[in-house]
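Could you walk me through this structure in my viewer, one selection at a time? I would like to know what to click next and what I will find there.

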Amino acid sequence: MDDTHFLHDPAAKSKFGNAIRDVYFRLDATLGKFLEYAGPDTSVFVVSDHGAGPVSDRTIYLNRYLAQIGLLHYRKNTDNVLQKAARTVVRKIYRVLLDNLSSRQKIWLADLMPALRDKAETSYTSFTEIDWTRTKAFCSEVLASPPSVWINLKGQRPQGIVEPADYEKVRNEVITKLGELKDPRTGEPVIKRVLKREEAVHGPFASEAADLILDWWETSEFSTSPSFPDQTYQPAIVVTEKRPTKGSEWGGTHRLHGILVAKGPHFKKNAEISGARLIDFAPTLLYLLGQPVPRDMDGKVLSDLFKPEYLQSHPIVYDDEKEDLQTPTRGGDYSEEEAAQVEERLRALGYVE
């Protein structure tokens, strides 16, 4: 579809050039039917939990780079030629399966051969090859984890070596070194912003987040790929030259900003709402349902969405403002059949194993 994409295939454009647009047409038609069934008195939201855009032609091998600057070390490899060849084959097979199997097929294969799955995954991530007794920082480079850096902190990691007193020093060193990664074509920094954990997350489980979060969604554009010990000597940044896509390759990825479209009797018409966040939807839906909003809930009611007269006649009420509040009874529990159906849907999407 996109002539400027570095993986654009001119030969396939006549057949697939409108494929994405056609999907949107079908979705739009389905939404039209949904609105007919729902009726004019029903509030309907169309929300995406993220946006989308093209992948970058720049790939960073973060653990490779951390190894090159001495912050990550691999174990001394004592494998013979056959063992090294076998590991390479396993990685290639894992990559092929990862790229070509559907979620259901992956689940079926993982259930069928769990031991093989564990072996393939550990081989592909190369975590088992890291010498944790000498490693100060590392990255989980698999898709399920965005490009972030963890500090191998003593007392927090099983084989942590970084003293708590040196934690900030090591974090700042990593930030400085990441800023030195340059695009070989332009000389511009590839990673333009790195957030410390406390700048990006909060709450009781914040400690489970990475120590450093690389901004890949807004100021920087890059992809990541797993690093392997035997390739440490290769460049940390690889630029893919423009060429037609080969087999199964990612052409797009997530962006920070998604969409919000709403229709209902209490909403403004033809109005644009800016600054909406995912965490605003829970309080907004509670307000729309006539329920008090918990004062400690993250997010806010999207008041700009509603007509002024509705807001005036239905002021936002918080849970600490009503003296007669009673703990609601749980009337929304799923039946066993419904719970099984929800679990199956999540499993098909790859969220449940």
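A salt bridge here is a side-chain nitrogen of Lys or Arg within 4 Å of a carboxyl oxygen of Asp or Glu. Keep that in mind for the first stops, and remember throughout that this is a predicted model. By this rule the count comes to 18 salt bridges.

**Stop 1: Arg-75 and Glu-129.** Select both side chains and you will see them meet in a salt bridge, 3.7 Å from N to O. The pair links distant parts of the chain, 54 residues apart. Arg-75 sits in the loop between helix H3 (62-68) and helix H4 (81-100), while Glu-129 is in the loop between helix H6 (114-125) and strand S4 (137-139). Arg-75, at 41%, counts as partly exposed.

**Stop 2: Asp-215 and Arg-193.** Which parts does this salt bridge tie together? Its closest N and O atoms are 2.9 Å apart. Asp-215 lies in the loop between strand S7 (212-214) and S8, and Arg-193 in the loop between helix H7 (167-178) and strand S6 (194-196), so the pair ties together parts 22 residues apart in sequence. Asp-215 is buried, with a relative accessible area of 0%, whereas Arg-193 is partly exposed at 31%.

**Stop 3: Glu-163 and Lys-154.** Here the closest N and O atoms of the salt bridge are 2.6 Å apart. Glu-163 is partly exposed at 36% relative accessibility, and Lys-154 is partly exposed at 39%.

**Stop 4: a network.** Next, select Asp-57, Arg-58, Asp-183 and Arg-185, which are linked in a network of salt bridges.

Stop 5: The bridge partner of Arg-58 is Val-239, in S9. Colour strand S3 (residues 58-60) and S9, and you will find an antiparallel pairing over three bridges. Zoom out to an open sheet of three strands in the order S8-S3-S9, with mixed pairing. Strand S8 (223-224) and strand S9 (237-239) are the edge strands, each pairing on one side only.

**Stop 6: a surface patch.** Finish with Met-1, Ile-20, Val-23, Tyr-24 and Leu-27, which form a nonpolar patch on the surface with about 550 Å² of accessible area together. Tyr-24 belongs to helix H2 (residues 19-38). Is Tyr-24 buried or exposed? With 57% relative accessibility, Tyr-24 counts as exposed, because the cut-off is over 50%.

Methods: Residues numbered from 1 in each chain as written. Predicted model: local features only at pLDDT ≥ 70, side-chain atom pairs only at ≥ 80, totals over all residues. Heavy atoms only, no water. Pairing = 2+ DSSP bridges. Helix = DSSP H or I, 4+ residues; strand = E, 2+ residues; numbered from the N terminus. Patch = residues over 30% accessible without salt bridge, like charges linked within 9 Å, V, L, I, M, F, W, Y side chains within 5 Å. Areas by Shrake-Rupley, 256 points an atom, 1.4 Å probe, with all protein chains shown as cover. Buried < 20%, exposed > 50% of the residue type's maximum accessible area, 1.4 Å probe, protein only.
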